[in-house]
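Work through the following exercises with the sequence and the model side by side. Each task is followed by a solution in steps.

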Amino acid sequence: MLWLLPLLAGAQQIPPVQVEGFFLKDSVELGQSVKYVLLSRHSPTAEVVFPDTAVQFSSFELVRKEFYPTRTSKGISTDSTIYTLRTFQLQPVQTLQLSAQLFYNGDTLQLQTQPDSVYLIQHVAAIPEDELPLRATTKLLPVAEQFNYLYWGMGAIAAAILVGGIWVLFGQSINTRYKLYVLQKDQAQFQYRFQISKERFRRLKTLDHLERATTLWKNYLTRLEDTEINSFTTKEITTYYEEDERVSNSLKVCDRAIYGNIISDDETEVTDSLSQLADFAAYRYILIRDSLRNVASPR
């Protein structure tokens, strides 16, 4: 009896613990969430641990767990945890029983709850014994197209970065090539139209075609030099081109014929003057073209 006294004394020191578990609903649908409450009322000196997410919940799957701090009132502590569960099993009645653990003097005691059940709501009362008919084809429903702003925005940003990089690296070269292309195109068009006016003057000997040829020449040099040469007088044009004899002599011959209504007996003088003006325009085109090329590729 003396040997049994310590064991009896230890048994009397086990704190009282009450564990209770129950569902908040008595029925559930397949795959629908249902909440299960686990409560423990015990002495403040007791250490009770509830099941964690690694525990098997019978036919249920754990969705999440919500635990609440211990509350002590009038010498009784209350722990509570709410487990959100769902089931995909087809049993009409599904039961759950959990166990908590009490740690006492280095030992672990299992505390079982009373089983609690829920009823499965079945929307299909019975399945026909024969095989269910399967559809060979399924009609597709039309889906409205949506504009993918994200991909288009990323594409626009990438394109802008690409174009910007190309422009930084090759922008000056591209701009120069474009200017050279425009200069060459204008030169070809001018020479073509100027030769037509010169030939018509040579055949018809009318001042209208002579005036048209000189106007073409002035307008072309205006675009080529980027200067309002078509608004200059003959003297101002001669001064601008540093008294170039080809310009001064040719324009004087053309002005005398146009404004004085005087055409030399030898019309070749006017025709030669027009040829010199065309040659001078080609000369100025070559100078400006070469200057652009030198700027694009400095040595």
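Helices (H or I, at least four residues) and strands (E, at least two) are taken here as DSSP runs, numbered from the N terminus. The model is a predicted one, in which local features need pLDDT of at least 70, side-chain atom pairs count only at pLDDT 80 or more, and totals for chains, interfaces and linings use all residues. Residues are numbered from 1 along each chain as its sequence is written, and side-chain values use heavy atoms, with hydrogens and water left out.

**Exercise 1.** Describe the chain as a whole.

Solution. Begin with the secondary structure, which consists of six helices and ten strands. Next, take burial, where buried means under 20% relative accessible area, exposed over 50%, and partly exposed in between (1.4 Å probe, protein chains only); of the 299 residues in the chain, 30% are buried. Finally, turn to contacts, meaning heavy atoms within 4.5 Å: among those between residues at least 6 apart in sequence, 62% join residues at least 24 apart.

**Exercise 2.** Determine how H2 and H3 are oriented to each other and what their contact is made of.

Solution. First, compare the axes, which are lines fitted to C-alpha atoms, for helices over the stretch in contact, with angles running from 0 to 180 degrees between N-to-C directions. The axes of H2 (residues 149–204) and H3 (residues 207–225) come within 8 Å and cross at roughly 165°. Angles under 35 degrees count as roughly parallel, over 145 as roughly antiparallel, 65 to 115 as roughly perpendicular and the rest as oblique; H2 and H3 are therefore roughly antiparallel to each other. Then list the partners: residues of H2 including Phe190, Phe194 and Phe201 meet a set in H3 that includes Leu216, Trp217 and Tyr220. Last, sort the contact residues by class, with Ala, Val, Leu, Ile, Met, Phe, Trp, Tyr, Cys and Pro counted as nonpolar, Asp, Glu, Lys and Arg as charged, and the others, Gly among them, as polar; the contact of H2 with H3 has eleven nonpolar, three polar and five charged residues.

**Exercise 3.** Examine the contact of H3 with H5 in the same way.

Solution. The axes of H3 and H5 (residues 245–259) come within 10 Å and cross at roughly 145°. Leu207, Leu210, Glu211, Thr214 and Trp217 of H3 make the contact with Val247, Leu251, Cys254, Ala257 and Ile258 of H5. By class, these residues divide into eight nonpolar, one polar and one charged.

**Exercise 4.** Is Ser40 buried or exposed?

Solution. Locate Ser40 in strand E3 (residues 33–42). Its relative accessible area is 0%, so Ser40 is buried.
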